[in-house]
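Welcome! Have a look at the model first.

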Amino acid sequence: MSAAESDVIDTLVGIKPGTTLDAIRARRPDARTHAQVSFRALFTPQDLGDVSAVERFAVARFIAGLHDAAEITAFYADGLAASGASDAVRTAIDAALAESRATGPYGRYPAGPLSAEDTAGPAYRASAETTHGLGRRLAAAFEHTHMLVFHPRDAAAPALQALLDAGWSTTGIVTLSQLVAFLSFQIRVVAGLRTLSRAA
Amino acid sequence: MTDTTLTPPAHTAPTVFTRDQLDWLPWLEPLAVEALTERHLAGLVDAARAKSPYFRLLARDPDVLGARTRTDKDIFYNPDAGLPRAERELAATATSRSNGCIYCASVHARFAATYSKREADVQRLLDDGVGVELDERWNAIVAASVALTATPVAFGPQHVERLRRAGLDDLAIADVIHAAAFFNWANRLMLSLGEPAAA
């Protein structure tokens with residue numbers, strides 16, 4: 001990590017050098033370092049491969065919004081603007097959030113004893129207007145992202161086929177899945193540590 | 001090349017949470033063992049992981065996989081104080097039970113049972129779900145993990161208070177937060193890129 005690069009989790013929680021939380025994070029140095037390396041590998045990789053910078057920041061901005069995480073939303077909105085996203089994409093993300101709010105986790109289990117725990121909830125399908133603004137590839141990614149965020153136990157192979165049909169490659173789907181999964185981690189670390197720091 | 005999803009071979013899907021050893025069958029093509037480059041192997045971290053279709057699928061984005069694995073190892077294996085390993089595994093199990101990841105829950109329930117020697121309590125968490133009554137310290141860890149797993153996140157000062165009353169210091173509470181947060185990462189990959197099968 002370059003000395004000039006600030007740690008994103010520290011920044012989002014507001015952890016200052018020399019504080020109790022700084023000392024706590026220092027006790028798990030590899031977790032701290034590699035959370036940051038993960039962030040860098042997802043948002044400023046050596047090679048963007050099959051997923052553009054706009055797509056990466058758009059998905060992150062959407063996930064932060066789905067979590068009602070204001071500071072994280074602002075952080076990725078800045079990244080999205082810097083990635084060169086069009087106004088149409090940025091407007092469509094707001095529209096997607098307005099039409100897809102939910103509370104998770106929910107979803108179904110394989111038929112059997114766990115069926116008693118099946119919990120109903122929405123499966124997001126982007127409206128025609130939102131799809132137009134996002135483009136087909138990103139709209140498909142948002143639908144998949146919504147499932148992973150709120151009802152990951154509903155995942156099934158046809159959801160991956162829908163991404164392939166919308167122009168995603170197998171490797172691109174792995175990167176997209178890691179984006180959603182990593183954000184799910186980062187948002188919870190930030191929320192948890194912030195709560196801990198304020199509960200002194 | 002047009003990519004396509006895989007149809008797993010005939011198998012028995014588990015329909016309950018279990019501590020049994022399960023297999024995991026991918027829905028997308030992992031990299032072939034012979035196609036792994038230096039960079040892929042660096043992403044796998046442990047060479048033995050090349051045997052796993054899960055890790056060979058994630059190796060398609062090797063830098064992210066490598067960083068994910070190193071984050072995971074420090075959260076769960078770092079022996080420097082904080083939360084005992086058994087209770088880090090309890091948080092991972094509770095998170096997986098809440099999200100509904102039968103595969104992840106099986107692995108980490110085995111670890112939780114092994115390290116705590118409380119097989120019956122771990123099994124009740126699997127059988128009855130995250131509302132189960134264990135003891136106050138375990139109840140507090142399970143409740144905190146579940147609140148962290150909710151979207152939007154529902155973890156609040158009352159969870160910190162309860163963990164402190166149960167005897168956790170702030171490093172241990174930070175370990176609960178990281179263990180639950182990490183399984184919100186792991187569950188989503190395991191659930192969405194393939195499926196569990198009875199071994």
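**Exercise 1.** Does A:Ser38 count as buried or exposed, and why?

*Solution.* Start with the ground rules: this is a predicted model, where local features need pLDDT of at least 70, side-chain atom pairs count only at pLDDT 80 or more, and totals for chains, interfaces and linings use all residues. Residues are numbered from 1 along each chain as its sequence is written, chains are lettered from A in the order in which they are written, and side-chain values use heavy atoms, leaving out hydrogens and water.

Next, find A:Ser38 in helix H3 of chain A (helices are DSSP runs of H or I, at least four residues). A:Ser38 counts as buried because its relative accessibility is 0%, and buried means under 20% relative accessible area with a 1.4 Å probe, protein chains only.

**Exercise 2.** Which residues is A:Ser38 in contact with, leaving aside its neighbours within four places in sequence?

*Solution.* Look for heavy atoms within 4.5 Å. In chain A you will find A:Phe182. Then cross to chain B for B:Ala67, B:Arg68, B:Thr71 and B:Trp185.

**Exercise 3.** How many residues does each chain bring to the contact, and how many salt bridges are counted between chain A and chain B?

*Solution.* Chain A gives 59 residues and chain B gives 61 residues. Now search for a side-chain nitrogen of Lys or Arg within 4 Å of a carboxyl oxygen of Asp or Glu. The count is three salt bridges. One of them joins B:Arg97 and A:Glu117, at 2.7 Å from N to O.

How values were computed
Helices (H or I, at least four residues) and strands (E, at least two) are DSSP runs, numbered from the N terminus. Buried means under 20% relative accessible area, exposed over 50%, partly exposed in between (1.4 Å probe, protein chains only).
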